[in-house]
Amino acid sequence: MKISVKLICSYLIVIIVPMSILAIVTTHMINTSMEKSAQEAINQNLKAAWIQYFVRGDQMKYGMLQAASENEIQTAVYQKNEEALLELMKRWKVYRPYVDIWAVVDSEGKVIKRLGNNKSGDYLKLNGLIEKALKHKEAIISTELLPKKVLLENGVTQSLANDEGMVLFVVTPVIMGDEVVGAIITGDLLNGDTFIPHTLENKIPGLKVSIIQEEKVISTNIQGESGQLEFGAKISESILKTISLKERFSGDQKIGDQFYKTAVEPIINNKGEVIGALFVGVPKEHFEILKANNIKAIALVTLLGMLIAFTIAIIAAKEISRPISMLADASRKIREGIFDVKIDSKRFESKDEIGELATSFKDMAVKLKHSYTQLENIVDERTRELLLLQKVNNLLNAGIKLDLILDTIANGLTHDFGYDISAIHLLDEEKNHLICRSYSADSKLVEKVEKLCGKKALGYKIPLFEGSILTKLIKTKKPVITQDIITLVKDHSNKPSLQILARPIVRLSGIKYGIGVPLLAEDKIVGVIGVGSRKKLTEKDLERLLNFARQAGLAVERARIYEILEERVQERTRELKESKEFLDSVFNSITDMIFIRDLEYNIIRTNKVTEQIFGHKIVGNKCYKILMENDSPCNECPAGRTLASGKSFIRETYHDKLKEYLLISTYPIASEDGKLKAVVETVKIVTQKKKMEEQMMQSEKLASIGRLAAGFAHEINNPLTNISLYSQIMRQKARGENKKMLNIIKSQTDIAARIVKNLLEFSYHHPENFVPTQLNEILSRAVDFMTPQFRRKNIKVKLELEDTLLKIRGDESQLQQVFVNMLTNAMDAMENGGCITISTCNNNNSVEIKISDTGHGIPDENLSKIFDPFFTTKEVGEGTGLGLFITYGIIQKHNGTINVKSEIGKGTTFTIQLPALSEHERENTDSR
């Protein structure tokens, strides 16, 4: 083999072997560190799982603590009021639907009331949990196993794979004064409940969480090959053995067809017994990908180094091969036994080939070793920096809060970088103060300093006064390094803000050296990183911190931005919620019915009035099916017209189901581009309005007829008087048949006179005496007046009068005429006897009178005419048709209303509403 080839091979071996070793060692170190970090991350995830596990317990605890402090609940428990406690538990259940078991016990532990079962008076056995809470007078959270029978007694009907169910219980004592009067029991069944696993997976993507009861999974977010959750899956013996000793299990486990890095901790009941476990795991595939990427990067660098070394070796071999022959001769002499071999360097232009080669190799070995050591240190430092930055970025990408990210950086500076103390201060919005947001130091040291100074380190504000080293650092964005922190603090002793915490820390810890570097996000300064050490700090430390701070500053600024954006989003969400609640309140406070329907006649929203009238299940249905009970859109549908024309439309109609007149108005809702996308329809019930209009028309009719009647009465009154006078004179002289005929004339003349008198009474304004009046008394007198006639016709009268009936302002004589007229009509409607029911009651600020009979009823075609003058269905000579006409007029004078309902063959009911005296009028009346 040629010497040049040997040289090339030797050179390559000298370079490649260390580089390969370096690559292998670096890869191993990075992988080991990643494995450690991965397991630490799993342990942190386990802590997060425990926090989420007890969140529901805390929710139940604090909710029931608040409830137990209320007088209403204390009284209900003390009095053992089952109905009140049942209503309270129903109300609590609405706000805490996840709570499966609700019960209230007395001070002895006996069940007063359960929500899911009527059984009471027994003892609810929860492994001594109730007795413990009653004894110590404090709320207790514990996880317990309950048999299926006990769960069923407490209203839990869910099927269980095991013979027992795992329940997270909270027992909250109810204390009245200093006495425990009972306790509220709440329990959340964990079997089949995936809230905890899915909540954690949403917060930490890829995290797998299971709750284990004995040896089976009862709650999980792990899916099998079929996509179903792995309920009932069994846990390995190694995990069960570890947790049975009340110890944490950590390691790799295969779940399904995938390996996970896992951590498992036992779940312990009230008596310290292991009843299950909490399991978390992260796919190992994520870490394997990172390892593979690291190996590829290191292999690429190593390969590139080899290629460069090979090129250099070829060039060097050509230059070195010539003087190597001298070394070969010397080597041959040595083989021949000539060991005293000297090489004359002058033969090679004053260059001793062997000496230089030997020296070069020696120097090269020394330099290589030194270079290797330096490279190892650089790789180690850079690896720690990258791992810390990776941890920070992972937290940032996971949406972790800013304070936890800052704590991670501070802990990394002390634990990974080797400094004795580190602190991160962020600028406030006004840039007038630096606020300590995180630190890492000996906890005992910090406690001593805080106790000594009476100040908390976390959150402490340092003012940026003129001339301060920190102010200069902020303005210039240049780092500060000091070999004597004590002198630095003393030089600024006239500024107490700098020395309050700094001087005690320096004095107690013995830290002498310090570095402060700006925390930069590109060119923007967001804070300061400060480190202290008992060992001397160099420019190398300063450069390393500067490089780290530039990269960490971006992560911190992003986290700050996320924090600000999250606060703004929460504020905006709160504002939108309040705005929506206000609009919903306005929408639901409208007393008219409101529908919003899409282009296919589907109801997409309604207000509360609509739901009260038509029910709660109308949204999503066709409007014509719900409102009109039709199978297709209605003819002349207002919504259809609006859909066709894009314009508003109004229509009045009668609704057969509601028995009401409706005024329907429709309005188009258009998108920004002008396209119609929905229709708003308002429906107003106008039945009362129509009745008022009819009453106004009737009043006008009464007024017109009154004027007509006055003229008519005057015209015929005089002839009737003459006829009556002359007929009486003739009767005195007449005999026999003539006298009978004159009697008939006199009788008919009297009838005509009474008609004229009624007309005159109706048409003329008579003096009225409106005074506070008790209607029950007037009704009683009217009944007494009519009683003889009722007896003759075998009619019974039933009085249902309100004892505390409000008084009205009215004319007693007119009102008595009204009631006599109506009782007379009722009596005439019952030819073969019957019953008249008279009732009175208070109706808000009105008095309501109902007069019902069991007569033949009024046909529908006559109902609208009964208040017309001279309308009557009686035989000629039996009625004038003015009774109800006059009654209507008297009721109107009293600002009242009169309505009638009738059914053929069953009877008729007249309802009169008269305004009651105001509260002020009643007080004045009572005082008199």
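1. Let's start with the aromatic cluster: ring pairs join Trp-50, Tyr-53 and Phe-54. Rings of Phe, Tyr and Trp (its six-membered ring) pair if their centres lie within 6.5 Å; planes under 30 degrees apart count as stacked, over 60 as edge-to-face and the rest as tilted. The structure holds five aromatic pairs. One of them, Trp-50 with Tyr-53, is edge-to-face, at 5.5 Å centre to centre and 75 degrees between the planes. For Tyr-53 and Phe-54, the centres are 5.1 Å apart and the planes stand at 80 degrees, so this pair is edge-to-face.

2. A word on the model: it is predicted, local features need pLDDT of at least 70, side-chain atom pairs count only at pLDDT 80 or more, and totals for chains, interfaces and linings use all residues. Residues are numbered from 1 along each chain as its sequence is written, and side-chain values use heavy atoms, leaving out hydrogens and water.

3. Where do Trp-50 and Tyr-53 sit? They are three residues apart in helix H1 (residues 3–68), separated by about one helical turn. Helices (H or I, at least four residues) and strands (E, at least two) are DSSP runs, numbered from the N terminus.

4. Is Tyr-53 buried or exposed? Tyr-53 counts as buried because its relative accessibility is 1%, while Phe-54, at 34%, counts as partly exposed. Buried means under 20% relative accessible area, exposed over 50%, and partly exposed in between (1.4 Å probe, protein chains only). Trp-50 is buried too.

5. Now the sheet: five strands form an open, antiparallel sheet in the order S2-S1-S5-S4-S3. Two strands pair if DSSP finds at least two bridges between them. Strands S2 (111–114) and S3 (140–147) are at the edges with a single partner strand each, so one side of each has no neighbour in the sheet. S3 pairs with S4 (residues 164–176) over eight bridges, in the antiparallel sense; Ser-142 has Phe-169 in S4 as its bridge partner.

6. Finally, look at helix H4 (residues 129–136), whose buried residues are Leu-129, Ile-130, Ala-133 and Leu-134. These residues lie on the same side of H4 because they cover an arc of only 130 degrees around the axis (the arc is that of the directions from the helix axis to the C-beta atoms). Among what covers the buried residues of H4 are S1, S3, S4 and S5. Lys-137 follows H4 and has a positive phi, near 60 degrees.

Methods:
Contact = heavy atoms within 4.5 Å.
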